[in-house]
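I opened my notebook to jot down what I looked up today. Here is how it went, in the order I checked things.

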Amino acid sequence: MKLRYAKRIDFTSSYPDFEHFEQFNQKVIELIRDKEKAEVVIVIDRAYGLAPKHEGAHLLSDHLNLSGDNPLVGPNDAIGQRFPVVNNIYLSAADTINQEETWTMGNPLSKLRSGIAAGVKPGLRLNDEELALAYSMGAHFYNWNTVPTMIAAAHAGLKVLAIAVPEGEQLSDAVVMTIRR
Amino acid sequence: MITTAPKTAADAVGQLKQISSVVPVAAIVLGSGVSVLDDLHDARVISYQELFGLAPGVAGHSGTLTIGHTEDGPMVAVLRGRFHLYEGYDWPTVTLAARAIVEWGVPNLLLTNAAGGLNLEYSVGDLMVLTGYRDHLNPQLKTTGLLPAIKIPPTDCRNSLSEKLLEVGEKLTLGSKEKSLQQGVYAGLLGPCYETMAEIEMLRRLKADAVGMSTVPEMLSCDGSATTAAAVSVITNVWRPEEAMGGHEEVLTASKNASKRLDRLFRAVLTELGKA
């Protein structure tokens, strides 16, 4: 797996080297499924409602799809299986260490906390009670676009490096450089 | 793209009445890879295409309805396959077969499904009689998300038919090496992808014992009707963090292997229902 063969999707409109989308839609699926050589999708999305002790940007380690929907509903696209297995799709910082070259200053991605995202319907803001429920189910924050993107990517046989950035925050230059590199 | 069946439950019942003047004592819906009652006497077969105007498109579902009777047993209708929400069918289509069974006046509906085991005490091939279910696939949840569904406890679906399954199952295992039937809560999810490990852990916290992508719409279709519905899950895998998750082939193999036990169970239950 080579990170250099990565499709880069940004839902935060912050990173110039990425394809920008306001929210997950059919065009995201088309980008994931196009024939451009890729093994990984790098996704940057907003994180909302971070649990206590989960400040800052996160690498997703797993997710709960709480949206009530799934991008694969409908006739199956021949790019993938009817019933895709979506475990072990998210890449960890450790997974990226030996991908390209040895990080001379350490791997900045490893400084990000990892967490579990609850994927909810785009635009939905959870109230305190709903947040508490999401935390009790294992989520550390919620976001709108990463979960359907990951499902579409997994179906297409791609791994996902997903980064969730809280509102009003940016990824550090080191992380951005790492992704660019 | 949402697909609606071109025929109604009334259309289907009209055709079924032409095939059989006798209303079966039970209808059985078979899920992925599950195979029972393959040797019905005086069998009459009609395809879903003819009956509902649609054929199921998932491997392991033949898409036929067979009416016949077991040896010395009552008349039964066996439905091989179902329509799923994940295929893009709307709720009326997914519930069409069950609504036709209700409208036909069939007093008992036995549903089967292939399900992933959440309960760590389960083994592959176990049969679980549903005592409850969680509805995490209702299209209404597209508007609200799953959180409202998570908040509510499972729906209790124990009734005379599920009790009959357990009672007959107990008798069949007495004195044999066969494992007793499990009983538990089924979580119906939209699919079509299998669950992430975080979702599996969430469902375990919600006290679900098995998870699948069907059955709940059919159970709901029988609510308030004269048809009593009960369901049996064939446990096709048990998800443990240290084990890789299998795919649909594994599901079909496990279903096939458990079908013999299910066949014995259903034949015995049908005999009992025929006596009633």
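**Entry 1: a loop residue.** Before anything else, I noted that I'm working with a predicted model. I went looking for Glu71(B) and found it in the loop that runs from β3 (64-69) to β4 (75-80) of chain B. Is Glu71(B) buried or exposed? I got 9 C-beta neighbours inside 10 Å, and 12 or fewer means exposed, so Glu71(B) goes down as exposed. Then I checked Arg267(B), which sits 196 residues away from Glu71(B) along the chain. Their C-alpha atoms are separated by 9.1 Å.

**Entry 2: a helix.** Next I picked α4 of chain B, residues 96-104. How many of its nine residues are buried? I found seven, so I wrote the helix down as mostly covered, with 20 or more neighbours as the cut-off for buried. The buried ones are Leu96(B), Ala97(B), Ala98(B), Arg99(B), Ala100(B), Ile101(B) and Val102(B). Just past the end of α4(B), I spotted Gly105(B) with a positive phi of about 90 degrees.

**Entry 3: the contact.** Last, I turned to where chains A and B touch. Chain A puts in 30 residues and chain B puts in 28 residues. On the chain A side, the elements giving two or more residues are β4 (58-65), α3 (128-136) and α4 (146-155). Which of them gives the most? That's β4(A), with four residues. I also sorted the chain A side by type: 16 nonpolar, nine polar and five charged.

Terms used:
Residues numbered from 1 in each chain as written. Chains lettered and ligands numbered in written order. Predicted model: local features only at pLDDT ≥ 70, side-chain atom pairs only at ≥ 80, totals over all residues. Contact = placed C-beta atoms within 7 Å. Nonpolar A, V, L, I, M, F, W, Y, C, P; charged D, E, K, R; others polar.
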